[in-house]
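Q: Hi! Could you walk me through this structure? I'd like to start with how the chains meet.

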Amino acid sequence: MSTLALNLRATWGRTYGRLVGAFREPTWLITDAILPNLGMLAFVMLYRALGAPRSFEALAVVGGLLATYWINVLWGMGAQFYWEKQSGQLQLYFVAPCSRMAILSGMALGGFLLTTARSAFGLFLGFVVMGVRVEPFSLPALLSVFALTMVALYALGMVMASLFLLWGREAYHLSNALYQPVQFLSGLYFPLRTLGPLGIVAAGIVPLGLGVDALRQVLLGAGAHALMPLRFENALLVVLCAVFLWLARVALAHLESLAKREGRLTQRWQ
Amino acid sequence: MTPDDPQNPPAVDVRGLTRNFRAARGGGEVCALGGVDVRIERGEIFGLLGPNGAGKTTLIKILTTLLFPTAGEARVAGFDVIRDAGEVRRRIGLVSGGESSGYGILTVRECLWMFSQFYGVPGKVAGPRIAGLIETAGLAEQARTRINRLSTGQRQRMNFARGFVSDPEVVFLDEPTLGMDVNAARAMREYVARWVRERPGRTVLLTTHTMHEAEELCDRIAIIDHGRLLACDSFAGLRRLVEGGQHVELEVRASDGGTRALPSLAGVPIVWGAPHPERGTRALKFRLPSGGSLADVLRELEARGARIEAIATRETSLEDVFVALVGRGLEESDEREDDGAGPTGAP
């Protein structure tokens, strides 16, 4: 069997494990689909009560949509290897002949598909229940920006998986510590431009803000109050995709080398 | 060392393998493996016996590409564990006692299927193989049960099945029957023996704390302690190492006057066994060397207030060999092996 076929199987195996397991617990509908969207609903209602331009409501819905992916990247990707280590499973990944990137990709794909099902509920709430409207848009442009954002975001999650493992028990606290600041610096519920230079810096580091801003531009045109032209944001997202995927490979290789040298990363008591 | 046939290299070939760990809190270095040489031919079931911290798990971790050696060379199925780690991984399976593989929310079948995909097993092959393994592991009724609803023993049986799901050339079983009940452990031993018999060239490296498991299964057994291989031979060959003298087992009433702290009686090294709570006695084993006086041992015991309830003599067992070579029983070790270190992580 070729290496590519092996890694594709491994990716699908890990994706399947994540999907089938999650759909077995119907409580996710409440905890992962309904509750995370309440924040988004609150902003929509706030903008409506204040009489803000209607585009601001759509702006909050798009932010709420990407917030669900950010939660998944933090908890489903970043902290995952640490939990795998705690359960004693990480060493089985290291012994398997497939690439660790393939397993991480499976985790990412499974997480993405699950989160997409969850975020669909948010879109339903925003656009159907709350009646939020967007401008006529190009579907290919929307899909390409969304795809770029997702690849960059989940590649960041792959990097975090290795880094969080290196930092051990701090992973839990890191996830908690990163959630709100990144959400704020990405302007999920307000135009990123409001943050000024800080927004530009944040957008250059975390793909969440760039993705939100770019998606809003596709859906709302001038009403997006964009940070920078769409083509720049797309180009930056491409760069972030490449950088994070490369970093993920490097971090994984470093992690594996460290595990072999020190013997302390693959056993839960080490 | 005989040169390898490149068409048929040994399953495991280890030369001068050394692994040192940095001790915690600047305590220098601790040697977990000190120049081990082992050659395991294809088709063998090879046992590795040693007390906790002897270096067994360290050796297995190096052979399964989880750990770099400090010095020496190790090859599995003809491939170097450092340079050709990917090729080694394609050919091996690993089962560690007490591990918890899989995700609690998956069923037994789904978990095994997931791991089969990490080894690239095609779907048409994986299905029947997993069904067979589930049957062998006695988990047919639990095939559709979530892992988090399995008992510890059932989960360990599933882990065992996972190690064979890729039909590997070499399987490393690190205390695989830990947590299993007697019947399940017996079924697993029978499966391992049948698996090797029915698939020529397949090899098993087994570490175990159960002497009779090693006696029953292994073609050859190596005894390791403090990172050094003390002996390596068939059970018959090992027995010859300590033949001579007489193996004696006593049953002694527990009011032993402090004898339990003694390493020897009348100059004869002794090993205390587990207590018998109902009778209030404890087993005491020793090998009386040729010319040794049983009467002297009994006299010293009685002088210390112990009452001897029964005396039996028997043939040399693997445990006798182990005690003779290591100087203590397998159950006397006091630390969990952890890369040759204690639970503190030192080294």
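Here is our chat about this predicted model.

Q: How many residues of chain B are in contact with chain A?
A: On the chain B side there are 27 residues, and they are in contact with 31 residues of chain A.

Q: Which helices of chain B supply at least two residues each to that side?
A: Those are α2 (85-91) and α3 (108-118) of chain B. The largest share, four residues, comes from α3(B).

Q: And what classes of residue are on the side of chain B that touches chain A?
A: That side has 12 nonpolar residues, along with eight polar and seven charged ones.

Q: New topic: strands! In which sense do β1 and β4 of chain B pair?
A: Strand β1 (residues 12-22) and strand β4 (residues 71-76) of chain B pair in the antiparallel sense, over five bridges. In this pairing, Arg15(B) stands opposite Glu73(B) of β4(B).

Q: What about β1(B) and β2 of chain B?
A: β1(B) and strand β2 (residues 29-40) of chain B are also antiparallel, with nine bridges. Here Arg22(B) stands opposite Glu29(B) in β2(B).

Q: Okay, what pLDDT does chain B average?
A: Its average is 84, and 89% of the residues score at least 70.

Q: Last one: what ipTM does the predictor give the complex?
A: The complex gets an ipTM of 0.85, together with a pTM of 0.81.

Key
Residues numbered from 1 in each chain as written. Chains lettered and ligands numbered in written order. Predicted model: local features only at pLDDT ≥ 70, side-chain atom pairs only at ≥ 80, totals over all residues. Contact = placed C-beta atoms within 7 Å. Nonpolar A, V, L, I, M, F, W, Y, C, P; charged D, E, K, R; others polar. pLDDT = per-residue confidence, 0-100. Pairing = 2+ DSSP bridges.
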